[in-house]
Amino acid sequence: MSSDVTADVSAFTPSLLADLQAGRPVFWANPARSAAPEIQTSVDGRAISLADVRAAQARFVRFAPLLARLFPELQDSAGRIESPLLPAPAMQQALGLPASAGALWIKADHSLPVAGSIKARGGIHEVLEFAESLALEHGLVTLDADYAVLADAPARALFGRYQVAVGSTGNLGLSIGVMASALGFRAAVHMSSDAKAWKKDRLRKRGVQVVEHTGDYAAAVAAGRREADADPYAYFVDDERSLSLMLGYSAAALHLADQLAAAGVQVDAAHPLCVYLPCGVGGAPAGIAFGLRQLYGPHVHAFFAEPTQSPCFLVEMVAPGASVYDIGLTNRTEADGLAVPQASELAAQAMRPMLGGVYTVADDTLFADLHRVRETQDLRIEPSAAAGFSGPHMLTGTDAGRAYLRQHHLDSAMPGATHLVWTTGGLFVPPEEYARFAERGAALAATQPA
């Protein structure tokens, strides 16, 4: 352990701690996961349920006419921001996942319009919820009105009095900044040193104020929070503490359920759904996992994927309150959206009884899988979005993963399992940036077994 360790990490087993500190990929199974048909979930003293998931989805529906008016790319979908569900047999073969272990599918959130990442869900939802509260308070709409009127001058004058701010490594900032500025809010995004330059440039072109910080994600969030607290007309989207963000992500489960049913994919005891979600601070994967658990009960098994140097959610689940620095890690990774030192306590609280586990992925593996999914499925994603592809092997091909399958009586059910990899970002990566990703990935895939 490094000499600057400050938090109590005694809850880690020596072998797990040694593997994490050495940067070796690990699979950690959550010992607190409940197999109960229903779980009563409370976050910060508030009970949340499927009704909250449906309420978030209803908000997206109310705003759809406005979104179609503001964003030409949403006109064909009538204002819905959604992504396809894709079968991935060629990628399954490239990963060496046998048919006897189930079938691989991809939830292609890397192609989500407007924001180009999974953050289009939670980030946009929270901005819409804030805008709705102002519009209702000032009598501009009622809940059954046509929200397209919020693109007109009275609403823009109202929204223009307020600033919407967020701290981000990139993708959340894009979703908040783009939506806030489109509605007429003054938008500010506090970005950490590991945020990509092209994401900052894209925000500035939208008229968003980008505030750069030399520190990491946590430092950017703290600075943004302090600045917003000093301004009575500032609203801060707090990725570490926001229930609105989490519930916005959770609404994805409802559309996914429709897609699975349309594809003839069953989810039950004989057909478990194993979902692999890249994880930064934890709000996005926690929201999706929460929504899916409300629909499918114990038959969904959610696993979070983190870089070997930034396993903040794993650390939080084992040693609440600790950060990756406390176990001697650097928090340095090419997966900028996952470069978070400390997880959301709110997300961890929600996930404690329902998360299947967490596994870690080396950066080289991210790039190799980025290459493989381009070659096999013609999908262009960013490195952080490739983290899910290691999941099926970590679950079915490691001792710790197989122990999880035995513990939850899944061995005999795996031929009927669905392995769902959530690709979380990549639509707006500049061609020259993606070319560098692809070149590195091709070189690594040639030398690295799947």
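Me: What makes the meeting of the side chain of Asp 411 with the backbone nitrogen of Arg 406 a polar contact?
Reply: The side chain of Asp 411 reaches that backbone nitrogen at 3.4 Å. A polar contact is a pair of N or O atoms within 3.5 Å; within protein, one must be able to donate a hydrogen and the other to accept it, and residues adjacent in sequence count only if both atoms are side-chain atoms. The value of 3.4 Å lies within 3.5 Å, so the pair qualifies. The model is predicted: local features need pLDDT of at least 70 and side-chain atom pairs pLDDT 80 or more, while totals for chains, interfaces and linings use all residues. Residues are numbered from 1 along each chain as its sequence is written, and side-chain values use heavy atoms, without hydrogens and water.

Me: Why is Asp 411 called partly exposed?
Reply: Its relative accessible area is 43%. Buried means under 20%, exposed means over 50%, and partly exposed is in between, with a 1.4 Å probe and protein chains only. The value of 43% therefore belongs to the middle class. Asp 411 lies in the loop between helix 16 and strand 13 (418-423); helices (H or I, at least four residues) and strands (E, at least two) are DSSP runs, numbered from the N terminus.

Me: Is Ser 181 buried or exposed, and how do you know?
Reply: Ser 181, found in helix 6 (residues 171-183), has a relative accessibility of 17%. That is under 20%, so Ser 181 counts as buried. A polar atom of its side chain lies 2.8 Å from the backbone oxygen of Gly 177 and 3.1 Å from that of Val 178.

Me: What does Ser 181 touch, not counting residues up to four places away in sequence?
Reply: Ser 181 touches Arg 156, Ala 187, Arg 206 and Val 208, where contact means heavy atoms within 4.5 Å.

Me: Why are Phe 27 and Tyr 404 called an edge-to-face aromatic pair?
Reply: Rings of Phe, Tyr and Trp (its six-membered ring) pair if their centres lie within 6.5 Å; planes under 30 degrees apart count as stacked, over 60 as edge-to-face and the rest as tilted. By this rule the count comes to 13 aromatic pairs. Phe 27 is buried at 10%, and Tyr 404 is buried at 1%.

Me: What makes Arg 202 sit over the ring of Phe 428?
Reply: A charge sits over a ring if NZ of Lys or CZ of Arg is within 6 Å of the ring centre and within 35 degrees of the ring normal. Arg 440 lies over the face of Phe 367, at 4.0 Å from the ring centre.

Me: What is the area buried between domain 1 and domain 2?
Reply: It is about 3800 Å², with 62% from carbon and sulfur atoms. Buried area is the accessible area (1.4 Å probe) that two parts lose on being put together, summed over both. Arg 62, Phe 63 and Asp 336 supply 16% of what domain 1 buries against domain 2, more than any other three residues. An automatic or database assignment sets the domain bounds, giving domain 1 (14-116 + 243-446) and domain 2 (118-237).
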